[in-house]
Amino acid sequence: MLKPLNQHLTSPGASQLDVLQMWRDMGMVLQLCAQFSVLHLDIKDANILVTEDGRYKLIDWGQACYRSEIVRLVREHKSVRKGTESYMAPEVFNSNPPVAYDERADQYSLGLVAYYYFNNMRLPFADKPWGQLSESERTQIKQRRVSGMEPLPRPEGLAEDIWQVLQRTCAHQ
């Protein structure tokens, strides 16, 4: 039986160690994808499920493509903006005109998933959970994040070594 990541990481007894395990396991999936030049392009918490024995599964490969497809679309001046804006890497979000991107876009999105859970289910710059924000607030938060004009706020209580890795993962390219 599979359950949504959100349900798993908000259940009693879930901890930062569970978030770290998810981040590591999904990072290994993305490493394998990179070996084959495959981009998922829609990494978000809703696309990660958990098995009964605690293994994480990445689902919804509908937007996935080979990196060469992104390069081809850029050469043809076609849109390469794929994914969910809330978790989208800045280089994808701001891809007008189209720019080629690589596996770092997926790594960034996975970093935002980890950030979300390290930050009490709030994305960067959000002062309350995403579902409680107006559309206008969501747009402002996304713009702040993808602008690269200010550093991501550090989640409260996050260990320094984890924060350093998270900052590198979610660095503006």
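At what angle do the axes of helix H2 (residues 16-35) and helix H5 (residues 104-118) cross? In this predicted model, the two axes come within 10 Å and cross at roughly 170°. Axes are lines fitted to C-alpha atoms, for helices over the stretch in contact, with angles from 0 to 180 degrees between N-to-C directions. H2 is therefore roughly antiparallel to H5, a label given to angles over 145 degrees. The contact (heavy atoms within 4.5 Å) involves residues of H2 including Trp23, Met26 and Leu30, and residues of H5 including Leu110, Val113 and Phe118. By class, this contact has 11 nonpolar, 4 polar and 1 charged residues; Ala, Val, Leu, Ile, Met, Phe, Trp, Tyr, Cys and Pro count as nonpolar, Asp, Glu, Lys and Arg as charged, and the others, Gly among them, as polar.

Residues are numbered from 1 along each chain as its sequence is written. Local features need pLDDT of at least 70, side-chain atom pairs count only at pLDDT 80 or more, totals for chains, interfaces and linings use all residues, and side-chain values use heavy atoms, with hydrogens and water left out. The mean pLDDT (the predictor's confidence in each residue, from 0 to 100) of the protein chain is 93, and 98% of its residues reach 70 or more.

Helices (H or I, at least four residues) and strands (E, at least two) are DSSP runs, numbered from the N terminus. An open sheet is formed by 3 strands in the order S1-S3-S4, with antiparallel pairing; strands pair if DSSP finds at least two bridges between them. S3 and S4 are joined over 3 bridges, and Leu49 has Lys57 in S4 as its bridge partner. H2 lies across S3 and S4, at about 45° to S4.

The ring centres of Trp23 and Phe118 are 6.0 Å apart with planes at 70°, so the pair is edge-to-face; rings of Phe, Tyr and Trp (its six-membered ring) pair if their centres lie within 6.5 Å, and planes under 30 degrees apart count as stacked, over 60 as edge-to-face and the rest as tilted.

Terms used:
Angles under 35 degrees count as roughly parallel, over 145 as roughly antiparallel, 65 to 115 as roughly perpendicular and the rest as oblique.
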